[in-house]
Amino acid sequence: TTTISSSGSNVTLTEASNNFGGAVSITGVDVTLVDANAIDLGASTVTGDYVVTATAGGGITDSGVLNITGTSTFTAAGGQSILLNESSIFTGAVTFASGGTLVGVSITDSTDFDLQALTLSGNLLVASGGSITQSGNLTIGGASSFTTSTTDKTITLSVPTLTNAFTGAFTLSSTGENAHVTIDNGTTAIVITSASVGGNLTLTSGAAAGITDSGSTDSGIVTVGGNLVATTNANNGVINMVTLAVDGSISLTTNGTGNATIVNDAGLVFATSTIGGNLIATANTLNIADSGTLRVTGVTNIYLGTNPVLSVSGATTATDIYGLTITLDTANNLFTGGITLHYDNVLPPDNGDIDLARQVTFAELDFAIDQNITKIYGSYEEMQDDIFWMYKLFRDSFPEQEQFLEVVRQPQSNQVKLRKIKANTNKNNASEGKEL
């Protein structure tokens with residue numbers, strides 16, 4: 001290891017043939033370090049500027065906290081990375097550079113961190129105890145991860161005069177209701193692998209591939225404590241986010257004929273949205289509503305529940321069998337290509353068995369699960385919720401091709417029994433059934 005203390009003076013170690021095998025810890029004013037190979041930075045306090053160069057054969061790492069008052073410049077050889085993962089304090093601007101192509105950068109700063117212009121062929125990881133901003137163009141070939149560890153600190157990677165091109169997927173993390181995240185990725189697609197954003201999440205892309213998420217809950221969920229605003233502003237860009245957990249409202253804008261597909265875990269509130277193509281929106285549970293004007297040029301399909309049975313075209317409001325609602329009736333809403341609501345409520349209108357049940361004025365309905373048998377008597381209107389519940393229970397329990405609904409008129413006048421049977425003929429052609 002190398003330890004140099006020069007609290008009132010500069011430290012300048014710039015010979016190209018320097019070779020520090022262990023960590024280098026320095027206390028000084030302006031500090032300049034050159035290493036012919038990789039260099040490991042030990043705990044250091046620099047009251048001026050800090051310049052570190054690894055000329056060949058390795059990158060730059062740290063094994064101690066760096067407390068740098070002035071600017072910091074880290075230059076690694078081509079094909080190398082700069083990995084500074086200690087919880088350091090960089091008061092001034094931090095610049096990452098390379099004599100060739102810099103592969104990856106990882107940095108942890110206990111305070112606010114501002115990204116200078118940076119081009120990487122690999123990954124970028126920034127963890128900050130403050131907010132994260134940018135003051136230069138960012139071109140990142142690999143994945144990007146941004147984390148703020150202090151409550152209500154923001155991540156803002158959107159400056160009108162700058163251009164970003166994050167080619168890989170994003171991982172985002174912020175805490176607190178005011179911990180907003182804003183990303184403008186220029187004409188490059190935005191892919192969110194996973195996100196946990198305490199505040200609002202605002203995404204903008206001008207790529208045809210638009211804005212998407214991982215599409216798998218195994219990979220990650222896009223959790224947003226506030227509102228989600230997703231915009232494609234060029235190339236008929238699409239929005240396809242199907243692993244959402246947004247607590248606030250969702251505003252969608254697509255360019256040209258761009259389609260939008262979203263799935264939210266619980267409830268769905270549309271803020272003002274304009275979709276040039278088709279809209280497919282699903283709330284796995286809870287209600288669907290709008291708080292702003294919703295305009296869709298293409299076809300609109302709204303799904304309440306994970307496997308709704310009923311489809312109603314032309315309606316903008318509905319209530320399902322559980323009392324959950326779809327309400328898309330804000331003034332000036334416009335569904336140019338037509339709207340269809342999908343939800344659980346009644347059976348398909350062409351079901352002859354249910355038509356039979358509707359014809360009787362009084363009926364007996366048997367529910368039988370194992371040995372527990374419940375008999376319900378009444379008119380069809382009085383029993384229809386029970387009939388629908390039974391239909392849904394078996395529809396969800398058994399594959400559709402192995403089930404049928406049977407209504408049997410009993411010898412007694414005006415009595416019917418409804419039975420649901422799953423047939424299994426896979427065992428020596430013997431039929432097995434289960435009756436409700």
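**Notebook: strands and core**

I began with strand S23, residues 181-184, where Val181 and Ile183 make up the covered face, while Thr182 and Asp184 lie on the uncovered one. I note that the model is a predicted one.

I next looked up the partners of S23. Strand S20 (residues 155-157) runs parallel to S23 and is joined to it by three bridges. Within this pairing I found Leu157 bridged to Ile183; Ile183 belongs to the covered face of S23. Strand S25 (residues 201-205) also pairs with S23, in the parallel sense and over four bridges. Here I recorded Asp184 opposite Thr204 of S25; Asp184 is on the uncovered face of S23.

I then turned to another group of strands. S15, S18 and S21 form an open sheet in the order S15-S18-S21, with parallel pairing. S15 (118-120) and S21 (164-166) are the edge strands and have a single partner strand each, so one side of each is left without a neighbour in the sheet. I noted an average twist of 10° from one strand to the next. For the pairing of S15 with S18 (residues 138-140), I counted three bridges in the parallel sense. In that pair, Leu120 stands opposite Ile140 of S18.

Last, I examined the largest nonpolar core, which has 81 residues. Which of its residues touch the most other members? They are Phe74, Phe96, Phe146 and Phe270. I followed up Phe74 and, leaving aside residues up to four places away in sequence, listed its contacts, among them Leu41, Tyr50, Val52, Ile60, Phe90 and Phe96.

Methods: Residues are numbered from 1 along each chain as its sequence is written. This is a predicted model: local features need pLDDT of at least 70, side-chain atom pairs count only at pLDDT 80 or more; totals for chains, interfaces and linings use all residues. Side-chain values use heavy atoms; hydrogens and water are left out. Buried means under 20% relative accessible area, exposed over 50%, partly exposed in between (1.4 Å probe, protein chains only). Helices (H or I, at least four residues) and strands (E, at least two) are DSSP runs, numbered from the N terminus. Two strands pair if DSSP finds at least two bridges between them. A nonpolar core is a set of buried Ala, Val, Leu, Ile, Met, Phe, Trp, Tyr and Cys residues joined through side-chain atoms within 4.5 Å. Contact means heavy atoms within 4.5 Å. Axes are lines fitted to C-alpha atoms, for helices over the stretch in contact, and angles run from 0 to 180 degrees between N-to-C directions.
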